[in-house]
Amino acid sequence: ICQARAWLLSTGFTLAYGAMFSKVWRVHRFTTKAKTDPKVIMEPWKLYTMVSGLLSVDLVILLSWQIFDPLQRKLETFPLEDPVSTTDDIKIRPELEHCESTHNTMWLGLVYGFKGLILVFGLFLAYETRSIKVKQINDSRYVGMSIYNVVVLCLITAPVGMVIASQQDASFAFVALAVIFCCFLSMLLIFVPKVRLKRN
């Protein structure tokens, strides 16, 4: 379960954000190339190549982490406590399970560093293409807004998730709600304008 959480979060982020990133990168490349070559053709296979490249970097990092320093379940025990709602002669020993590896901070830094780089670069591309309207890609503005949404929520969720990691229920609820809200808002920004356009 420890490995599955890291793999699902990392690859899920790359697939979802990578698609938006590659689309904004495509708009940026199209507009910069169109100035020199007005008959430039946008090829969809380049989008798949970009997402595959980002995913392959993820796979290298995660496989290295799993092979050389795998995440393992660690049990943290706390001092005995008296129960609140009983008069029986019993004590409760709270226990907390963590997923950790020997060099956990290094691996998290590597993953966060890579994700942070593509977040910053995606933010730059979204800012550069904010006012560009391309006939072939009519939703580039909404994809840029989705990238802003992902960046803001990542900047909030990652540090808060690390701070409240010792409170498992709160940490799980916060990260899960942030992921759901981020996906919902991104899909809303990308697909609702398309539905409205079809109706008109």
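Is Val120 buried or exposed? Val120 is found in helix α3, and with a relative accessible area of 57% it is exposed. For that term, buried means under 20% relative accessible area, exposed means over 50%, and partly exposed lies in between, with a 1.4 Å probe and protein chains only.

Before I continue, a word on the basis of these values. This is a predicted model, in which local features need pLDDT of at least 70 and side-chain atom pairs count only at pLDDT 80 or more, while totals for chains, interfaces and linings use all residues. Residues are numbered from 1 along each chain as its sequence is written, and side-chain values use heavy atoms, with hydrogens and water left out.

Helices (H or I, at least four residues) and strands (E, at least two) are DSSP runs, numbered from the N terminus.

I turn to the pairing of α2 and α3. Helix α2 spans residues 45–68 and helix α3 residues 104–128; their axes come within 11 Å and cross at roughly 175 degrees. The axes are lines fitted to C-alpha atoms, for helices over the stretch in contact, and the angles run from 0 to 180 degrees between N-to-C directions. The two helices are therefore roughly antiparallel to each other. Under the convention used, angles under 35 degrees count as roughly parallel, over 145 as roughly antiparallel, 65 to 115 as roughly perpendicular and the rest as oblique.

On the α2 side, the contact is made by Leu54, Val57, Asp58, Ile61, Ser64 and Trp65; on the α3 side, the residues include Trp107, Leu110, Phe114 and Ile118. Contact here means heavy atoms within 4.5 Å. By class, the residues of this contact divide into 10 nonpolar, 2 polar and 2 charged. Ala, Val, Leu, Ile, Met, Phe, Trp, Tyr, Cys and Pro count as nonpolar, Asp, Glu, Lys and Arg as charged, and the others, Gly among them, as polar.

Next, the cysteines. The structure holds 1 disulfide, a disulfide being a pair of cysteine sulfur atoms within 2.5 Å. Which residues form it? The partners are Cys2 and Cys99, with their sulfur atoms 2.0 Å apart. The link is left-handed, with -75 degrees about the S-S bond. It joins distant parts of the chain, from Cys2 in helix α1 (residues 2–36) to Cys99 in strand β2 (residues 95–100), 97 residues apart. Cys2 counts as buried at 13% relative accessibility, whereas Cys99, at 37%, counts as partly exposed.

Finally, the annotated segments. The unreviewed UniProt entry gives "transmembrane region" for residues 6–26, 47–68, 106–127, 147–166 and 172–192; its positions are given in the numbering used here, feature names are shortened, and annotations may be inferred rather than shown by experiment. Over residues 6–26 the chain is 100% helix, with the end C-alpha atoms 29 Å apart. Residues 172–192 are also 100% helix, with an end-to-end C-alpha distance of 29 Å.

Two residues complete the picture. Ser186, in helix α5 (residues 168–199), counts as buried at 8% relative accessibility. Leaving aside residues up to four places away in sequence, Ser186 touches Met20, Ser146, Asn149 and Val150. Leu15, in helix α1, counts as partly exposed at 46%; with the same exclusion of residues up to four places away in sequence, Leu15 touches Val51 and Leu55.
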